[in-house]
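Below is a set of questions and answers on one protein chain, written for reading beside the model. Each answer works towards the value or name asked for.

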Amino acid sequence: MRIVVQRVLKSKCEVDNQITGEIEKGYMILVGFGQDDNEDIAIKMANKLIKLRIFDDENGKINLSLADVKGKILSISQFTLYADCTKGNRPSFVNAMQPSDATKLYHFFNEYLRSLNIQVEEGIFGADMKISLINDGPVTIILDSKELL
């Protein structure tokens, strides 16, 4: 599982000119699942995500978590995080989880975050989404379950 975490002042997702999710201060995350990912990995990654201390404290030091600042999450499914560009110029996506399984795991991941009292807005899995954001910092972190578990 891979997550690109961007600390944002605001972010929104639009599909067919309709807003599907919109947040103020928090994280806009791109979430991708690999062939071997499962609910246990999703839980561990969600717990790591919400415990990240990448918000500024009163001294301007990045020391606060999402919960500390009462932040929100805009979660966007992103199978292209598993692109393999080692051969040729056209990426291969054979390492990405099949869409039917990835859809279920994406919704499980978001629901688990909600169970931790985090407000989660979403894009639409597999849709042509238009994402806008104001990156705060900028601060961008990449979480990969292969490195964290």
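Helices and strands here are DSSP runs, numbered from the N terminus; a helix has at least four residues and a strand at least two. The model is predicted.

Q: In which strand is Arg7 found?
A: The strands are numbered from the N terminus. Arg7 is found in β1.

Q: Is Arg7 buried or exposed?
A: A residue counts as buried under 20% relative accessible area. Arg7 has a relative accessible area of 4%. Arg7 is therefore buried.

Q: Which residues does Arg7 touch, not counting residues up to four places away in sequence?
A: Contact means heavy atoms within 4.5 Å. By that cut-off Arg7 touches Gly26, Tyr27, Ile54, Phe55, Asp56, Ile62, Ile134, Asn135, Asp136, Gly137 and Val139.

Q: Is Leu9 buried, partly exposed or exposed?
A: Leu9 is found in strand β1. Its relative accessible area is 43%. The partly exposed class lies between buried, under 20%, and exposed, over 50%, so Leu9 is partly exposed.

Q: What distance separates the C-alpha atoms of Leu9 and Met28?
A: Leu9 and Met28 are 19 residues apart along the chain. Leaving aside neighbours within four places in sequence, Leu9 is in contact with Glu24, Lys25, Ile134 and Asp136. The C-alpha atoms of Leu9 and Met28 are separated by 9.5 Å.

Q: How many aromatic pairs are there?
A: Rings of Phe, Tyr and Trp pair if their centres lie within 6.5 Å. By this rule the count is three.

Q: What kind of aromatic pair do Phe79 and Phe93 form?
A: The ring centres of Phe79 and Phe93 are 4.9 Å apart, with 65 degrees between the planes. Planes over 60 degrees apart count as edge-to-face. The pair of Phe79 and Phe93 is therefore edge-to-face.

Q: How many residues apart in sequence are the parts that the pair of Phe79 and Phe93 ties together?
A: Phe79 lies in the loop between β6 (72–77) and α2 (99–115), and Phe93 lies in the loop between β6 and α2. Phe93 is partly exposed, at 31% relative accessible area. The parts tied together by the pair are 14 residues apart in sequence.

Q: What kind of aromatic pair do Tyr106 and Phe125 form?
A: The centres of the two rings are 6.0 Å apart, and their planes are at 50 degrees. Planes under 30 degrees apart count as stacked, over 60 as edge-to-face and the rest as tilted. The pair of Tyr106 and Phe125 is therefore tilted.

Q: Where do Tyr106 and Phe125 lie?
A: This pair links distant parts of the chain, 19 residues apart. Tyr106 counts as buried at 0% relative accessibility, whereas Phe125 counts as partly exposed at 27%. Tyr106 lies in helix α2, and Phe125 in the loop between β7 (120–122) and β8 (130–144).

Q: What is the distance between the end C-alpha atoms of α2?
A: Helix α2 has 17 residues, and at 1.5 Å a residue they should span 24 Å. The model agrees, because the end C-alpha atoms of α2 are 24 Å apart.

Q: Within what arc do the buried residues of α2 fall?
A: The buried residues of α2 are Ala102, Leu105, Tyr106, Phe109, Asn110, Tyr112 and Leu113. Seen down the axis of α2, they line one face of the helix, because they fall within an arc of 155 degrees.

Q: Which elements are included in what covers the buried residues of α2?
A: Contact here means heavy atoms within 4.5 Å. The cover includes β1 (2–15), β3 (26–32), α1 (39–51), β6 and β7.

Q: How many disulfides does the structure hold?
A: A disulfide needs a pair of cysteine sulfur atoms within 2.5 Å. Cys13 is buried at 0% relative accessible area, whereas Cys85 counts as exposed at 53%. The number of disulfides is zero.

Q: What is omega for the peptide bond that joins Gly137 and Pro138?
A: Most peptide bonds are trans. The bond joining Gly137 and Pro138 is cis, and Pro138 is found in strand β8. Its omega is about -5 degrees.

How values were computed. Residues numbered from 1 in each chain as written. Predicted model: local features only at pLDDT ≥ 70, side-chain atom pairs only at ≥ 80, totals over all residues. Heavy atoms only, no water. Buried < 20%, exposed > 50% of the residue type's maximum accessible area, 1.4 Å probe, protein only. Expected span 1.5 Å × (residues − 1). Arc of directions from axis to C-beta.
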